[in-house]
Amino acid sequence: MYYAHDKLDDFVDVINTFLRPLFMEIRKGRSEDNGKMFYALVNLAITEATKVASDYAENELELFKKTMDLIVESESGYASSTSILNLTDKLQSKKMRKKEAEQVLQMFVQDKWLSERHGEYTLHTRSIMELDQYICETYQDVKKCNICHSLAIQGQSCETCGIKMHLPCIAKYFKSQPEPHCPHCNEVWPHETRDLVRPDSHLPSSTPRTSRRISSSEMK
């Protein structure tokens, strides 16, 4: 199994040598929710054309950015629907009614930019993979998982050294340890590590071909 994964990664690296001159790249990432592997074709170009390439209205993009602010800056990596809908009065581009905002949020979920569960929203794996550079440049305190080295929006942090790990990575790493210790500073891990990945956790592994796009340049 590991051999097959290594071969696939090597194959993707070869493809990327041809894609990068075209300002495109295949990126690999894991779902923060269940650890499932994703591959995404990412547009790396930052031009005037990509700035207007999105089908989203200006106030819809602004709502997405403000929603991302709430999610990334929260301790849990989630933002409640109530908190997001309260942003509608703060939009600078064009005000949006709450009913309209609810429809826009569902559109972001359908297009795989956001994930929603029980009225709580988080970034879909697609957002983290395609907007990786924007997230790192915009949010100075964002961390990468100490295990898989991908951006960690959701997860648990060590109270001693501050490293952060995704819940599926924690579940796998601490699976055979009776008393989990931080892999960085070796202090006792201060959080519950059992049953971290919920049985109903599931995110689709593919993105719809007709979904609308958001580029990093549009977020600025």
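## Pairing of the strands

In this predicted model, strands β3 and β5 pair in the antiparallel sense, and the pairing runs over 2 bridges. Within this pair, Ala-79 has Tyr-121 of β5 as its bridge partner.

Taken together, 3 strands make up an open sheet in the order β3-β5-β4, with antiparallel pairing. The edges of this sheet are formed by β3, at residues 79-80, and by β4, at residues 114-117, each of which pairs on one side only. Strands of a sheet pair through backbone hydrogen bonds, in either a parallel or an antiparallel arrangement.

## Helices against the sheet

Helix α3, which covers residues 58-73, packs on the sheet and touches β3, β4 and β5, while its direction makes about 95 degrees with that of β5. Helix α5, made of residues 98-110, lies across β4 and β5, and runs at about 110 degrees to β4.

## Positive phi angles

Which residue takes a positive phi in the hairpin of β4 and β5? The hairpin has 2 residues between its strands, and His-118 is the one with a positive phi, near 55 degrees.

Another case is Phe-23, which is not a glycine and yet has a positive phi of about 60 degrees. Phe-23 is found in the loop between α1 and β1, the latter being the strand of residues 24-30.

## A nonpolar patch on the surface

Leu-8, Phe-11 and Tyr-39 form a nonpolar patch on the surface, and together they have about 280 Å² of accessible area. Of these residues, Phe-11 lies in helix α1, which extends over residues 2-19.

## Confidence along the chain

How confident is the prediction, and where is pLDDT under 50? The average pLDDT of the protein is 82, and 81% of the residues score at least 70. Over residues 47-53, however, pLDDT stays under 50, and for this stretch the model has 9 contacts beyond four places in sequence. A further stretch, residues 198-210, also keeps a pLDDT under 50, and for these residues the model has 27 contacts beyond four places in sequence.

Note on methods. Residues numbered from 1 in each chain as written. Predicted model: local features only at pLDDT ≥ 70, side-chain atom pairs only at ≥ 80, totals over all residues. Heavy atoms only, no water. pLDDT = per-residue confidence, 0-100. Contact = heavy atoms within 4.5 Å. Pairing = 2+ DSSP bridges. Helix = DSSP H or I, 4+ residues; strand = E, 2+ residues; numbered from the N terminus. Axes fitted to C-alpha atoms, helices over the stretch in contact; angles between N-to-C directions. Patch = residues over 30% accessible without salt bridge, like charges linked within 9 Å, V, L, I, M, F, W, Y side chains within 5 Å. Areas by Shrake-Rupley, 256 points an atom, 1.4 Å probe, with all protein chains shown as cover. Salt bridge = Lys/Arg side-chain N within 4 Å of Asp/Glu carboxyl O.
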